[in-house]
Amino acid sequence: MTPIDNTTDHFGAIAILFHWSMALIIIGLVGMGLYMVTLPDVGFNTKKIMLILYHKEFGMLVLVLLAARLAWRVTHILPQLVVCLPDWQKLAARFVHLSFYALMFALPMTGWLMSSVAGIPVSLFGLFTLPDLLPRDDYLFPRLIDVHKWLGYALILFIFVHVAAAFRHHFVFKDDTLRRILPNPPSR
């Protein structure tokens, strides 16, 4: 059974839950975002409007989970990278992880800013409405759409790099990199 807390060589149950639940939500948001942009803007497209509302609510959930995840991360030990990694791979791994954190913050924030300048409220699953961060601004709205879109493309790139590296470590190097973030890791 996976312990709650992290150890020096394995992530604990809470960190694993944060990792995999956020991964599923974020991949779902990416897929939803890519699909939404293919839908026409003309007229009253209720399907697109509903998808945008769900996209915003789950995006805000990512922001809430990110805050909880960061609080957990800074108050608990972080497992060490596998010993056999060359320095450049350790640096690359840290860069990708820090980039993920930056993107998990920047994407919901740019979405929230887009809604603010469009004058469209942002709700967190109907529990409460978030305040506007900026006043309505028709000039800024399309620019924020572009920023949000390009941040989304960067996130997709980092997801592919992250998954490819994890699979490479697991299947080629046969080290414990991937096993450390799996619940109940199989014994070697």
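1. K174 sits in the segment after α4, and its phi is positive, about 55 degrees, although K174 is not a glycine. Helices here are DSSP runs of H or I of at least four residues, strands are runs of E of at least two, and both are numbered from the N terminus.

2. Two remarks on provenance should be kept in mind. The model is a predicted one, in which local features need pLDDT of at least 70 and side-chain atom pairs count only at pLDDT 80 or more, whereas totals for chains, interfaces and linings use all residues. Residues are numbered from 1 along each chain as its sequence is written, and side-chain values use heavy atoms, with hydrogens and water left out.

3. In overall make-up, the protein chain has 4 helices and 2 strands, and its elements follow the order α-α-α-β-β-α from the N terminus on. The C-alpha atoms fill a box of roughly 60 × 30 × 25 Å along the principal axes, and 39% of the 188 residues count as buried. If one takes contacts (heavy atoms within 4.5 Å) between residues at least 6 apart in sequence, 65% of them join residues at least 24 apart. The accessible surface comes to about 11500 Å², and 74% of that area belongs to carbon and sulfur atoms; areas come from the Shrake-Rupley method with a 1.4 Å probe, and for residues only the protein chains shown count as cover.

4. The region after α4 (140–173) also holds D175, which is buried yet has no salt bridge, the nearest side chain of opposite charge being that of R179 at 6.1 Å. A salt bridge is taken as a side-chain nitrogen of Lys or Arg within 4 Å of a carboxyl oxygen of Asp or Glu. The side chain of D175 does make a polar contact with the side chain of T177 at 2.9 Å; such a contact is a pair of N or O atoms within 3.5 Å, where within protein one must be able to donate a hydrogen and the other to accept it, and residues adjacent in sequence count only if both atoms are side-chain atoms. R179, for its part, forms a salt bridge with D176, with the closest N and O atoms 2.9 Å apart. R179 counts as buried at 15% relative accessibility, while D176 is partly exposed at 29%.

5. The salt-bridge count comes to 4, and two further pairs deserve a look. D146 and K149 both lie in helix α4, 3 residues apart, or about one turn of the helix, and their closest N and O atoms are 3.9 Å apart. D146 counts as partly exposed at 38% relative accessibility, as does K149 at 36%. R136 pairs with D138 in a salt bridge at 3.5 Å between the closest N and O atoms, and both R136 and D138 are exposed.

6. R69, in helix α2, is another buried charged residue without a salt bridge, and the nearest side chain of opposite charge, D5, is 14 Å away. The side chain of R69 makes a polar contact with that of Y101 at 3.4 Å. Leaving aside neighbours within four places in sequence, R69 is in contact with F18, H19, M22, Y101 and M104.

7. L81 is located in the loop between α2 (46–75) and α3 (87–118). Beyond its neighbours within four places in sequence, L81 is in contact with K90, A93, R94 and R180. L81 and T8 are 73 residues apart in sequence, yet their C-alpha atoms are 9.1 Å apart in space. By contrast, L98, which is in helix α3, is exposed with a relative accessible area of 61%, and L98 and P121, 23 residues apart in sequence, are 30 Å apart from C-alpha to C-alpha.

Definitions and conventions:
Buried < 20%, exposed > 50% of the residue type's maximum accessible area, 1.4 Å probe, protein only. Lys, Arg positive; Asp, Glu negative; His and termini not counted.
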